[in-house]
Amino acid sequence: MAHGLERGAGILLPIFSLPSPYGIGTLGQEARKFVDFLAEAGQRYWQVLPVGPTGYGDSPYQTLSLLAGNPYLIDLDQLAAEGLLHPEELEAADWGEEPDRVDYGILYRNRWTLLRLAASRFRPGGELREEWEHFRQENGDWLPDFALYMALKVQEGGAPWTQWPRPLRFREPEALEEARNRWREELHLQEFCQFQFFRQWQALREYAGSRGILLIGDMPIYAALDSADVWANPACFQLDEERRPRAVAGVPPDAFTELGQLWGNPLYDWDYMEGNGFAWWRRRMGLAARLFDVVRIDHFIGLVRYYSVPAEAEDARGGTYFPGPGRRLTEALEEAAGRTAIVAEDLGVFLPEVQELLEETGYPNMKVLEFAFDSGPDNGHLPHHYRPNCVVYGGTHDNETLAGFLDSQPDEALAYMRAYLGAAYREELPEALLRAAYASVADVAIFQAQDLLGLGAEARMNFPGRSQGNWQWRLLPGQLTEALAEKLRNLAWVYGRRR
């Protein structure tokens, strides 16, 4: 049975959205400043998006590994403090001209140059050497495969592993051994980056804990085809004899998409996974528990039933539903999670089987205020339907900002919203939505930083279905003010959410 959540409030802000002079938010001083802001604002939770290494499209939900950390998030100032980089080297690099946007192209060209330089200077001794060797041992069940995958990807010009020479694609032992001997410097770089990511994360988590802040992480349900996960664990996925997907993930047509959504991720071979005790999933959850106090499982419905689309299909209309592992998997996840709490992202089609699994596990589920006002008083996202053991959001990373959402609503929906929230004027709605969430019986109320700042559509995080131009928005220094902290602190006190 799951661990419950303490009543509180929090802010959704990805690590990459933090301010920094180096093109992207990191695990350094600005992350600690944000923790300080949360504490001053009477908040209890900091929710982030997945922190894996991103590839083409820059999505944290389509990563090169579900186990590794994103090297872009490593704090360069910390590397400089350790003597691995020099201040003039940081100042000479080009990080782009827009401090409120992440330019992933510039990061790819320039950040790896500095990380490679730092890795070449890394000569651990004494206690640091013990820490380095312990990290490599502790992560020996995934780190060597990930480092080799990344090294080979570099040597193959960034091509997906499905296009590599057959001996590498099929992981023939002699070919892998030759590659390990040939690309030792690249392997060292990749292991160094993971070492620095995890030790910096651990330091941030300890600092957050000292200020009473709990970290909520996000676990994508599916692995990307071009990932170390699929390359190193082909038996875990529904692949043919050439290691191509037999079927891929997606969702069927609905009121929003007449062709459905074709995600393209390879599907799991659940029978194989259950046969070895869900070892791969246990490893994932165990690593997540080292990073977070709470883990949100994305697309929780997919654990109950999953949509299978033939790999050759051009859209998602021809798919079929199959049963997922359900409670058999969640029991394994709970064992691996230990004291880390689990939240279920159960948005989408209502399924009685999902509700049954939520009741069995005790996982909190999600409510979203942006979904609440389009269908009258029976809408389950309206606060009067909430029960304890849920998390309410103003909107998620896939939704429009609250300001943009309100700008796009028809007059009828706005009138109902004003009547429900007791707002005399449309301008009062953002504050009324915040109060409604804080006043509700939901255990946790979370708003995106953009929504607390009143930012419009220009600050939207992600447009589902759009492959480029997402995951770029960033905070600017000074945007989170003392006045905002005081407002949130007072609201948290009034509605019993203050630490």
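D100 sits in the loop that links α3 (87-92) to α4 (104-121), with helices (H or I, at least four residues) and strands (E, at least two) taken as DSSP runs numbered from the N terminus. The model is a predicted one, where local features need pLDDT of at least 70 and side-chain atom pairs count only at pLDDT 80 or more, while totals for chains, interfaces and linings use all residues. Residues are numbered from 1 along each chain as its sequence is written, and side-chain values use heavy atoms, leaving out hydrogens and water.

D100 counts as partly exposed because its relative accessibility is 31%; the cut-offs are under 20% relative accessible area for buried, over 50% for exposed and in between for partly exposed (1.4 Å probe, protein chains only). Together with D94, E97, E98 and D103, D100 forms a negative surface patch. Patch members have over 30% relative accessible area and no salt bridge, and like charges are joined within 9 Å; a salt bridge here is a side-chain nitrogen of Lys or Arg within 4 Å of a carboxyl oxygen of Asp or Glu.

Two non-glycine residues turn up with positive phi. D58, with phi of about 65°, belongs to the loop between β2 (45-47) and α2 (76-81) and is buried, at 16% relative accessible area. F278 has a phi near 55°, lies between α11 (270-275) and α12 (279-291) in a loop, and is buried too, at 5% relative accessibility.

As for cysteines, C193 is buried at 0% relative accessibility, and C390 is buried at 1%. The structure has zero disulfides, a disulfide being a pair of cysteine sulfur atoms within 2.5 Å.

Note on methods:
Patch = residues over 30% accessible without salt bridge, like charges linked within 9 Å, V, L, I, M, F, W, Y side chains within 5 Å. Areas by Shrake-Rupley, 256 points an atom, 1.4 Å probe, with all protein chains shown as cover. Lys, Arg positive; Asp, Glu negative; His and termini not counted. Charge placed at Lys NZ, Arg CZ, Asp CG, Glu CD.
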